[in-house]
Amino acid sequence: MTAVSAFLVPGSPLHLLRPDNPPWRPIIAGFERAARALAVSRPDAILLYSTQWIAVLDALWQARPRLTGTHVDENWHDLGDMPFDIRVDTDLAHACVKAVKAAGISSKSVDYDQFPIDSGTIVATRLLDPDGRFPLVMAANNLYHDAATTMKMAGVAAATARAQNKKVAVVGVGGLSGTVFREPVAIEQDRIAADSDDDWNRRILRLLEKGETGQLDGRIDEYAREARVDMGFKHFAWIRGAIGGRFFGARVHGYGPAHGAGAAVIEFRL
Amino acid sequence: MANGEILAGFLAPHPPHLVYGENPPQNEPKSEGGWEPLRWAYERARKSLDELQPDVLLVHSPHWITQVGHHFLGVRHLSGKSVDPIFPNLFRYSFELEVDVELAEACCEKAAQRGLTAMMMRNPKFRVDYGTITTLHMIRPQWDIPIVGISANNSPYYLTTEEGLDEMDTLGRATREAIEATGRRAVLLASNTLCHWHFHEEPDTPEDMSREHPQSYDGYKWDMRIIELLREGKTAEVFRILPQFIDEAFAEVKSGAFTWMFAAMDYPELPGELHGYGTVIGTGNAVMEWNLVKAGLAGAAAIPPSAAGGREAYAGAMR
C-alpha cells in the first residue's frame, strides 16, 4: 500500500505557540506520539491537506522546492511568530497536478517566492516532523470542492505516488467542532465551548477508534452541521481518499480545545 | 485635539487584477492591461481623493479575517511583499505603509466601549492582507497618506447576516467617534465587491477581456438595482434589502465593510457618485463615492489652504 501512515491533526496555532498551557498539553503530547509514529513509518513524502490553505479557482498544489520564512497568524498575532522551513517533493507535486487534471479536476501548481503558507500547514509540519525529514506534497482546500471531490483528489495523489514507487504519510489538517469563544478567554481556562459539541466530538472519535466506517458515513454530514465542524470535515475526506476509503481503527493520541473549538490528534490503523 | 470628521466614503473593491492591469513598479507580474473601465473609475476616485486631502485613510478588508474580535493594525511602519494566495500569478506586490496608530487605538478603544471585542495588532512581522493593499494602491498609489487597517471579524458568517451586520454598524459608529475625538480628517474605504458569483477557471491570458463578463445575469441585475438606489441616495432602502442582496447575489458586502462605512457616515441619504462598474472574473465591482464635503455634510472650512489651492489648480487645468 502506498500510504504507510495517516493522521488527522489540528491546525490551530495556539498549541504550537503556547505548548505548556495546561488545557493544550494533551494535544501537544498527542502530536509527540504521532510524530514518533510518522517517523517510524518512514514515508518518502507526506501528502498534506490543510483546511486553512484556501483556494477558490482550481485545485492548487505547492511546487516550490523549499519554503522558508516567518508567519504571523491573522488572529493570534499577539502570541508570537511561526518560523517555517518546508521541503516539497516537486516531482510528485507536478505529477499530482497533471494526474488530478486528467481526472477532471482543474489543477495548478504554485511556485512563488513568499507565497503565504497557512498556519495549519506550519503547525502540522512543525509538530509532526520537527526536523523536516520528509518532503511534502501540499494541496489547497478549494472552498467549492465537496467531500467527494476532495476524496477523489487525494486518491489520485496517492495513486500518483504509487506510480513513482513512493510511500506516503497522509495528513489532514483541521479541527473538529467549530464553536469558538467570540471574546478573549484566559488561555488556562480554555475548554470545548459547548457540551453538545463535546458530545459530538467524542461520539465521532469513538467511531473512528473502532473503524466504524459505515456508521461514520451515515453521521458525518449531521456532525458537520450540528457541531459546525471545520470545513465540513473535508480534511477527513482527504485522508479517506488517500488511504483508499478503509481503515481498521484509529488511536486518538490527544483531544482538547482550541479557544472553544474541538481539536484531536488521530492516527489511523491502516 | 477634537472636531475631526469624515470627509468621504468610497466603495473601493480589491480585485488584484486591477493592480496587475495597471503594471505599477511594485507588482512583479506584468500584463498587457485589462479591466480598463474599472481602472479608469479608480483614476476618477483618485482625483477626488486628491482634492479632499485627508489626514488618514481607513480601510476595512474582508481578507484579514479574524475569529475573535475586530482587529486594528497597530504598528507604525509595515512593509513586505504581499502575494495573493488565490491569484499569485497576478499579485506579488512590494509595499510600505504608515499606520496612524493613534487613531487606530482610538477606534479600538471606542469599539470596546461599545461592547465589541476589539484588539490592536502589534506584531511587526504581520503580513498585511492583499485586500487592504489592493484597495489602498488603487485609491492612492503614492502611499503618502497614513492608514488605519481594520480586520473583518467573521461575525456575519458565524452568526446570522443580520447579527453580523449589527456588529459592523456598531463598529462604524465607534470609528466615527474615534475620528471626531482625534481631530482627523478621514476618508473611509469599504473594500467590497458587490455580486460575488465568479468563474472557477481563469483564462490562459487573465487580461483577455473577451472572456470577461458577469458570471450571473441575476447577480448583474442585483448590482444594477443596488447601484441605482445608491445613485439616487436611497440609503435606507438599500439597507432594507441588503440581506436579500447578500443572499441572492452572494454579495461580498456581507463581510461588513459597506455597513461599517455607512454607519460611520450616519447613513446619509446622499446620491453616491458612480465612478465606474465592471466585472472581474465575473464578480461585480463598483467604485463609488459619497463626498460629504461637497454635500455640505462635512466642514469645507476644515480643508487646509493647500488643498483648496490644489483644487483651484486642478480646476484651472480642466478649463
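The entries below follow the order in which I went through the model.

**Entry 1: chain B as a whole.** I noted before anything else that this is a predicted model. For chain B I looked up the secondary structure, which comes to 10 helices and 10 strands. Its radius of gyration is 18 Å, close to the 20 Å that the globule rule gives for 319 residues, so I recorded chain B as being as compact as a globular protein of that length. I also took down the extent of the C-alpha trace of chain B, which spans about 55 × 50 × 45 Å along its principal axes.

**Entry 2: burial, contacts and surface of chain B.** Of the 319 residues in chain B, 62% are buried. I then asked what share of the contacts in chain B between residues at least 6 apart in sequence join residues at least 24 apart. The share is 80%. The chain exposes about 11900 Å², and carbon and sulfur atoms supply 50% of that area. For the charges, I found 28 positive and 44 negative side chains in chain B, with the centres of the two sets lying 3 Å apart.

**Entry 3: confidence in chain B.** The mean pLDDT of chain B is 92, and 93% of its residues reach 70 or more. Residues 305-319 of chain B, however, have a pLDDT below 50, and beyond near neighbours in sequence this stretch has 8 contacts in the model.

**Entry 4: two residues with positive phi.** I kept in mind that most residues other than glycine have a negative phi. A:Arg42 is not a glycine, yet its phi is positive at about 45 degrees. I located A:Arg42 in the loop between helix H2 (25-41) and strand E2 (45-55) of chain A, and with 60% relative accessibility A:Arg42 counts as exposed, because the cut-off for that class is over 50%. In chain B, B:Asp266 is likewise a residue other than glycine with a positive phi, near 65 degrees. B:Asp266 sits in the loop between helix H9 (257-264) and strand E9 (273-280) of chain B, and its relative accessible area of 47% makes it partly exposed.

**Entry 5: helix H8 of chain A.** How many of the 9 residues of helix H8 (residues 234-242) of chain A are buried? I found that 9 of the 9 are, so the helix is largely enclosed by the rest of the structure. Among the buried residues of H8(A) are A:Lys234, A:His235, A:Trp238 and A:Arg240. A:Gly244 follows H8(A) and has a positive phi, near 80 degrees.

Entry 6: Is A:Ile204 buried or exposed? At 2% relative accessibility, A:Ile204 counts as buried, and its place is in helix H6 (residues 195-210) of chain A. Leaving aside neighbours within four places in sequence, I listed A:Leu216, A:Arg219, A:Tyr223 and A:Phe233 as the contacts of A:Ile204. A:Asp91, by contrast, counts as exposed at 55% relative accessibility, and A:Asp91 lies in helix H3 (residues 90-102) of chain A. With neighbours within four places again left aside, A:Asp91 is in contact with A:Gln164 and A:Lys166.

Technical notes: Residues are numbered from 1 along each chain as its sequence is written. Chains are lettered from A and ligands numbered from 1 in the order in which they are written. Side-chain values use heavy atoms; hydrogens and water are left out. Helices (H or I, at least four residues) and strands (E, at least two) are DSSP runs, numbered from the N terminus. The radius of gyration is taken over C-alpha atoms; the globule rule is 2.2 Å times the number of residues to the power 0.38. Buried means under 20% relative accessible area, exposed over 50%, partly exposed in between (1.4 Å probe, protein chains only). Contact means heavy atoms within 4.5 Å. Accessible areas come from the Shrake-Rupley method with a 1.4 Å probe; for residues, only the protein chains shown count as cover. Lys and Arg count as positive and Asp and Glu as negative; His and the chain ends are not counted. The place of a charge is taken as NZ of Lys, CZ of Arg, CG of Asp or CD of Glu. pLDDT is the predictor's confidence in each residue, from 0 to 100.
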